[in-house]
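Here is a short report on one protein chain and its ligand. Take a look at the model first, then read on.

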Amino acid sequence: MNDVILRLDAVEKHFGATPAVHGVTLEIARGEFFALLGPSGCGKTTLLRLVAGFEQPDAGRVVLDGTDVAGVPANERPVNTVFQHYALFPHLTVADNVAFGLRYKSEIRNQKSDIDEMLRLVRLEGLGDRKPDQLSGGQKQRVALARALILHPKVLLLDEPLAALDVKLRKEMQVELKALQRRVGITFIFVTHDQEEALTLADRVAVMNLGKVEQVGTTEAIFERPWTKFVADFMGAVNFFDGFVVRPEKMRLHAAATAGAVEGKVESKVYQGETTRWLVRAADGKLLTVVEQNDGVPDAVSRLKPGDRVWVTWERRHEVPMK
Ligand SMILES: Nc1ncnc2c1ncn2[C@@H]1O[C@H](COP(=O)(O)OP(=O)(O)OP(=O)(O)O)[C@@H](O)[C@H]1O
Ligand SMILES: [Mg+2]
């Protein structure tokens, strides 16, 4: 990879006996939108804190833009962090909250125009005189983003910054955040335990499990070609066979006997609008999950009900080998 902005080299961090981060090696390119994805406790926040300088590694190296930052204090690293609870100062105006980061930097030039520029960037122009409690959740999150971006960090670290928002606002903010990252061109490292959020936002994803990176790749590679059972399972590919896995949306249902099909019985069906999610009990007892697009509804398959015989097929090319 050329133009690496962040390199992690065999990074270790233990808390007592717990390896929070275990042998993590990663390269992130300048300008990338990178997601750290994994279940609760897998070490995502600890990894961000090691990059930010809030924690020191027990072993390994953190190299930011070509410089080993061991011993460089957090406030001197060219990174900034946005947290889940945006921690705005309630008694300060929006503009003063955004300016807050600048106070700790020696070169304070053009404060006013920098702040206006930032407020425009996060679509808060005209709201600079408000207090945080006069803002919506999404607007507060944008103030937190502006406060972090005004220092022009080389890398912006975001630790589940949208988790406090309701689903609709969260989806809107995802679209905005992606557009914002494209506009500013700063490397974003975004922590989430939500696979859909990672897929929506990121160029590349690292899936973490028990302090280790299980797989790094483009969103499509992580989703379509998982290397391990853990990654496959985390990405919702639930049909495991000996040596391979098949995603539910790659399987087809038939209401009549079909050559090469697995025969079974409908155990349940859940209508989900665009799709229907079926559970099929195969003759050998295995439970298969099939997701069908509802583009042909009503048809013979859509009329099937629990207890009915059904036939399941898939193409060999959709069998993903597992380690
Ligand atoms: N300061 C600490 N002292 C002791 N153990 C810690 C500390 N910080 C984290 N841990 C442990 O390290 C592991 C990784 O924690 P971390 O906060 O990095 O997980 P996470 O992936 O961010 O989880 P979540 O999605 O819940 O935020 C967990 O087992 C956690 O209990
Ligand atoms: Mg965390």
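**The whole chain**

This is a predicted model. The protein chain has 323 residues, and 35% of them count as buried. It contains eight helices and 18 strands. Its C-alpha atoms fill a box of roughly 75 × 45 × 35 Å, taken along the principal axes.

Take the contacts between residues at least 6 apart in sequence: 65% of them join residues at least 24 apart.

Domain 1 covers residues 4–230, and domain 2 covers 239–321. The centres of domain 1 and domain 2, taken over C-alpha atoms, are separated by 39 Å.

**A sheet of six strands**

Six strands form an open sheet, and the pairing is mixed. Their order is β6-β7-β8-β3-β9-β10. Which strands sit at the edges? They are β6 (79–82) and β10 (212–218), and each pairs on one side only. Neighbouring strands of the sheet are turned by 20° against each other on average, direction ignored.

In general, strands of a sheet pair through backbone hydrogen bonds, either parallel or antiparallel. Strand β9 takes part in both kinds of pairing here: it runs parallel to β3 and antiparallel to β10. The table sets the two pairs side by side.

| Strand pair | Direction | Bridges | One facing pair of residues |
|---|---|---|---|
| β3 and β9 | parallel | four | Leu 37 and Val 207 |
| β9 and β10 | antiparallel | six | Asn 209 and Lys 212 |

Strand β9 covers residues 204–209. Together, β9 and β10 form a hairpin with two residues between them. Leu 210 lies in the turn and has a positive phi of about 50°.

Helix α1 lies across β3 (33–37), β6, β7 (155–159), β8 (187–192) and β9. Against β7, α1 runs at about 150°.

**Around ligand 1**

Which residues surround ligand 1? The shell consists of Phe 15, Thr 18, Ala 20, Gly 38, Ser 40, Gly 41, Cys 42, Gly 43, Lys 44, Thr 45, Thr 46 and His 193. Two elements give two or more residues each: β2 (18–29) and α1 (44–52). The largest share, three residues, comes from α1. By class, the shell has three nonpolar, eight polar and one charged residues.

**One residue up close**

Thr 67 is found in strand β5, residues 67–68. Is Thr 67 buried or exposed? Thr 67 counts as exposed because it has 11 C-beta neighbours inside 10 Å, and the cut-off for exposed is 12 or fewer.

Val 320 is 253 residues apart from Thr 67 in sequence, and their C-alpha atoms are separated by 39 Å.

Conventions
Residues are numbered from 1 along each chain as its sequence is written. Chains are lettered from A and ligands numbered from 1 in the order in which they are written. This is a predicted model: local features need pLDDT of at least 70, side-chain atom pairs count only at pLDDT 80 or more; totals for chains, interfaces and linings use all residues. A residue is near a molecule or strand if its C-beta atom, placed from the backbone, lies within 6 Å of it. Ala, Val, Leu, Ile, Met, Phe, Trp, Tyr, Cys and Pro count as nonpolar, Asp, Glu, Lys and Arg as charged, and the others, Gly among them, as polar. A residue is buried if 20 or more other C-beta atoms lie within 10 Å of its own, exposed if 12 or fewer, and partly exposed in between; C-beta atoms are placed from the backbone. Two residues are in contact if their C-beta atoms, placed from the backbone, lie within 7 Å. Two strands pair if DSSP finds at least two bridges between them. Axes are lines fitted to C-alpha atoms, for helices over the stretch in contact, and angles run from 0 to 180 degrees between N-to-C directions. Domain bounds come from an automatic or database domain assignment.
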